[in-house]
Amino acid sequence: RKDMRKTNWMNGLLLVFAIGLTSCYAQNKNEMKDVKVKKTEAEWREVLTPNQYYVLRESGTERPHTGEYDLHFEEGVYSCAGCGSELFKSDDKFDAHCGWPSFDKAIENDAVVEIKDNSHGMVRTEIRCANCGGHLGHVFNDGPTDTGMRYCINSASLGFEGEEEADAKAKE
Ligand code: FE
């Protein structure tokens, strides 16, 4: 009977271990649990352009200096191209001369999620939309402003609403 108890205990340990491994694997496979907006990959393909899908759902990176918002400095709010969640303000945007839109902070701390990223032989911190889990870019601690942070974000993962547009909408 003692042996039996030992076996049960070991089975329990194995189970915990297996769950741990599975959750690690799920993260590596670009899945974020606890997101409000959930779609199947087929549904994402329907609502996103191929380039948006490549960046948001496959953690792709657009070529530098090619994105719509790299050198875009109008006043307004940048949102997630996947789910519309507001992510960054134009006030926090700066030109990092790196070829991607750069911000020194997110609009709210919990608008984005940080994930360790060891891909491509580098140790980086990946940034994702907290609402839909879409990949946005990376954050580095070499920013030139008082926050010290540089959120390097793909244009393809962003939408933009200018202040004038927002005002007009509010008056409707
Ligand atoms: Fe999103």
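Accessible area here comes from the Shrake-Rupley method with a 1.4 Å probe. By that method, the chain of this predicted model exposes about 11,200 Å², of which carbon and sulfur atoms supply 51%.

Start with the whole chain as a C-alpha trace. Along its principal axes the trace spans about 75 × 40 × 25 Å.

Switch to cartoon. The chain has 4 helices and 9 strands, and from the N terminus the order is α-α-α-β-β-β-β-β-β-β-β-β-α.

Next, select the iron ion and the side chains of C80, C83, C129 and C132. Their SG atoms coordinate the iron ion at 2.3 to 2.4 Å. The site is tetrahedral, with angles of 102 to 114° among the 4 donor atoms. Along the chain the donors follow the spacing C-x2-C-x45-C-x2-C. C83 sits in the loop between β1 and β2 while C129 belongs to strand β6, so this pair ties together parts 46 residues apart in sequence. Colour by accessibility: C83 is partly exposed at 23% relative accessible area, whereas C129 is buried at 0%.

Now select the largest nonpolar core, which has 22 residues. Those with the most contacts inside this core include L87, F88, V112 and L158. Elements giving two or more residues to the core include α3 (50–56), β1 (76–80) and β9 (158–162).

Not counting residues up to four places away in sequence, L158 touches Y69, Y78, S79, A81, L87, F88, F103 and I153.

How values were computed
Residues are numbered from 1 along each chain as its sequence is written. This is a predicted model: local features need pLDDT of at least 70, side-chain atom pairs count only at pLDDT 80 or more; totals for chains, interfaces and linings use all residues. Side-chain values use heavy atoms; hydrogens and water are left out. A nonpolar core is a set of buried Ala, Val, Leu, Ile, Met, Phe, Trp, Tyr and Cys residues joined through side-chain atoms within 4.5 Å. Buried means under 20% relative accessible area, exposed over 50%, partly exposed in between (1.4 Å probe, protein chains only). Contact means heavy atoms within 4.5 Å. Donors are N, O and S atoms within 2.8 Å of the metal (3.2 Å for Na, K and Ca); water is not among the atoms, so sites may look incomplete. Four donors count as tetrahedral if all angles lie between 85 and 135 degrees; four count as square planar and six as octahedral if opposite donors are over 155 degrees apart and all others between 65 and 115; anything else is irregular.
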